[in-house]
Structure formats: C-alpha cells, structure tokens
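Keep the view open while you go through the points.

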Amino acid sequence: MRTRPGARAGQYAALLGYLVFLALPFLWLLSVAFKPARELGSLHPTWIPEHPTLGNFRQAFDEQPLLHAAFNSLLAAVSAAVIAVVLATPMAYVMARRPTRLARAASGWVVVSQAFPFVLVIIPLFLVLKNLRLIDSVPGLVMVYVVWALPFALWMLVGYVRAVPVELEEAAAIDGAGRLRTLVSVTAPLLAPGIVATGLFAFVTAWNEFFFALVLLKTPEKQTLPVVLTHFIGTEGVADLGPLAAAAFLATLPSLAVFAVVQRRITGGMLAGAVKS
C-alpha cells in the first residue's frame, strides 16, 4: 500500500516539527552555557554567542561540588538500574511464560502503579526508610529508585520475553537442554536488547530524578547532581543563569552518551531469522 505524496510530506513535516521541539531547549542551554554575562543581559539575545567563553563552566565548578554530586548520581543510577534489571528479568519470564490469574493481576497492578504521583508515595517511603535508618543515605535513595523503576521495567521485559519464540525453547528442550541451560544459553541472549533498554530506562530515570533526592538527602556531601543544580538559584529566586546552564549542560551528557553507545543494540533485530518459516 503506497502512501500519497501529500501524506508523506505531512509526516516528514510533523517529524521535523517534533525534532525541532525537542532540540530547541538543548540548543538554548548550549547557547547560554557559552555566553558571557554581558550577552546574557542583552536586550537583543542571539542564538550563537558573539564572544563564547568557558567562564561559566569554571564558575560552576568553583561554586558547587559538581564532580562529587555527579559521582553520587552515577552511583545511585547504576545501582538502581542493575538491581531493577536483576529483579525484573526472572519475574518477567515467569509472568510471560506462566500466564496465570495472579500474573495477569500483577500485570494490571504494574500498569496502575505508574499513575501514582510522587507526593502520594513519598510519605510511606519516608517512614519505611526512617524505620530502616536509611534516611539521608545513598543506599536508601537507591532502594526508592528501584521501587519506582521496577514496575515499568517489569512491564517492558514482559513484552520482550513474549517476543522470544517459544519454539526456540522447545527445540532446546528436545535437544536435551534443561530449563536452566535453556534460559541461560537460548532465552537470555535474545533478551539482551530488552535488558539493555530496560537498564537504560532505569539509569536515565534515576540520573534525572529530583524530588526523592531533594526530600531524602539533607547532607550536602550526599546530594545528587539535580539537587545541587538548584543551588545556583538564590534565596530570592534569581538564578545565576550562566553557571546554571553550564552545569545543566554537563548533567545531560551522561544520558546522551549512554543512548549513543547502546542505541544500535536497542534497535537491532536480534530475533531476525531465529525461527525459519
């Protein structure tokens, strides 16, 4: 079925508009990060800095402990991603291969839980962490990130497991492979794109998260990068725009780097040709 030229042009126009919509905030952030203070206060701002400078980056590192905060964010994000994937993978396999009433109820609860706002769950989580003496600690924050990322990670992996042909596992069983050998040698390699995508989602969510870190972490040495970025805003709500933009630009780089490295694996068709028709 061929697409009409007018419809195809409309699709490309909509795609171009969407890309511009996504790119404009990042381009504006990049522009402000390299502008000197005189250009930031100009009545006729320009997209391209007339006199680009690295002074905003130096000022940002001088005023706030960005490297230490980035280490805290990296530690929390990587830990949450690994734990969420390790817990969600076997759960997703059972839910996909054993579709019982309990599994269907669990799937429904996973979807419903994503509609809960942060404010609704922060008080119970705070009380639980207080009883465990994990308030104002990175392990406590990691626990919260895992709890928050696990439902969506489970939902994603269930779809990936269902996409793996059952015939492959049946063929492995006929060849004499046990259940564990089948999971490790046959199913797990085919789930690699899903596992990578799920881990990436959990990592980016934890890296960019602000509300939980703001409420649970009070010691400055334990705060994550999104919380430290708010320190560039003064008591009267006036932002130190240049250093703030420079620090925010640096904070976006890890997410972009992760996407650039793993995007081929996420989009690759590793199941292509697995089952002959």
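How much space lies in the largest cavity? About 50 Å³, and the points below put that into context.

1. First, the ground rules. This is a predicted model, where local features need pLDDT of at least 70, side-chain atom pairs count only at pLDDT 80 or more, and totals for chains, interfaces and linings use all residues. Residues are numbered from 1 along each chain as its sequence is written, and side-chain values use heavy atoms, with hydrogens and water left out.

2. Now the overall picture. The protein chain has 13 helices and zero strands; both are DSSP runs numbered from the N terminus, with helices being H or I of at least four residues and strands being E of at least two. The C-alpha atoms fill a box of roughly 75 × 65 × 30 Å along the principal axes. Of the chain's 277 residues, 35% count as buried (buried is under 20% relative accessible area, exposed is over 50%, partly exposed is in between, using a 1.4 Å probe and protein chains only).

3. The UniProt record, an unreviewed entry, places "transmembrane region" at residues 12–34, 74–96, 108–129, 141–161, 182–207 and 244–262. Positions are in the numbering used here, feature names are shortened, and annotations may be inferred rather than shown by experiment. Two of these spans can be set against the model. Residues 108–129 are 82% helix and 0% strand, with end C-alpha atoms 27 Å apart. For residues 182–207 the figures are 96% helix and 0% strand, and the ends lie 34 Å apart.

4. Take a look at α4, residues 66–97. At 1.5 Å a residue, its 32 residues should span 46 Å, and the end C-alpha atoms are 45 Å apart, which agrees (the expected span is 1.5 Å times one less than the number of residues). There is also a kink of about 25 degrees at Ala-88, shortly before the proline Pro-90. The bend is the angle between axes fitted to the seven residues ending at a residue and the seven starting there.

5. Back to the cavity. The structure holds one cavity of 30 Å³ or more. On a 1 Å grid over the protein atoms alone, a cavity is a set of points where a 1.4 Å probe fits but cannot get out, while a pocket is an open set with protein on both sides within 12 Å along at least five of seven lines; lining residues have an atom within 4 Å of a point. Grid points are joined across faces, edges and corners, and a volume is the space filled by probe spheres set on the points. The lining of the largest cavity is Ala-80, Tyr-145, Trp-148, Ala-149, Ala-202, Thr-205, Ala-206 and Glu-209, and the elements giving two or more residues are α7 and α10 (192–208). By class, that lining has six nonpolar, one polar and one charged residue (Ala, Val, Leu, Ile, Met, Phe, Trp, Tyr, Cys and Pro count as nonpolar, Asp, Glu, Lys and Arg as charged, the others, Gly among them, as polar).

6. On to the largest pocket, with about 200 Å³ of space. Helices α5 (101–113), α6 (118–131) and α7 (138–163) each give two or more residues to its lining. Among the lining residues are Trp-109, Phe-116, Leu-125, Trp-148 and Pro-151. The lining has eight nonpolar, two polar and no charged residues. Val-112 sits in α5 and is partly exposed, at 44% relative accessible area. Its C-alpha atom is 9.4 Å from that of Pro-151, 39 residues apart along the chain.

7. The second largest pocket holds about 170 Å³. Both α4 and α9 (179–190) supply at least two lining residues, and the largest share, five residues, comes from α9. Pro-90 turns up in this lining, as do Thr-89, Tyr-93 and Leu-180. Here too the classes are eight nonpolar, two polar and no charged.

8. Last, check the loop between α6 and α7, where both Arg-133 and Asp-136 are found. Most residues other than glycine have a negative phi. Arg-133 has a positive phi of about 60 degrees, and Asp-136 also has a positive phi of about 60 degrees. Buried or exposed? Arg-133 is exposed, at 78% relative accessible area, whereas Asp-136 is buried, at 16%.
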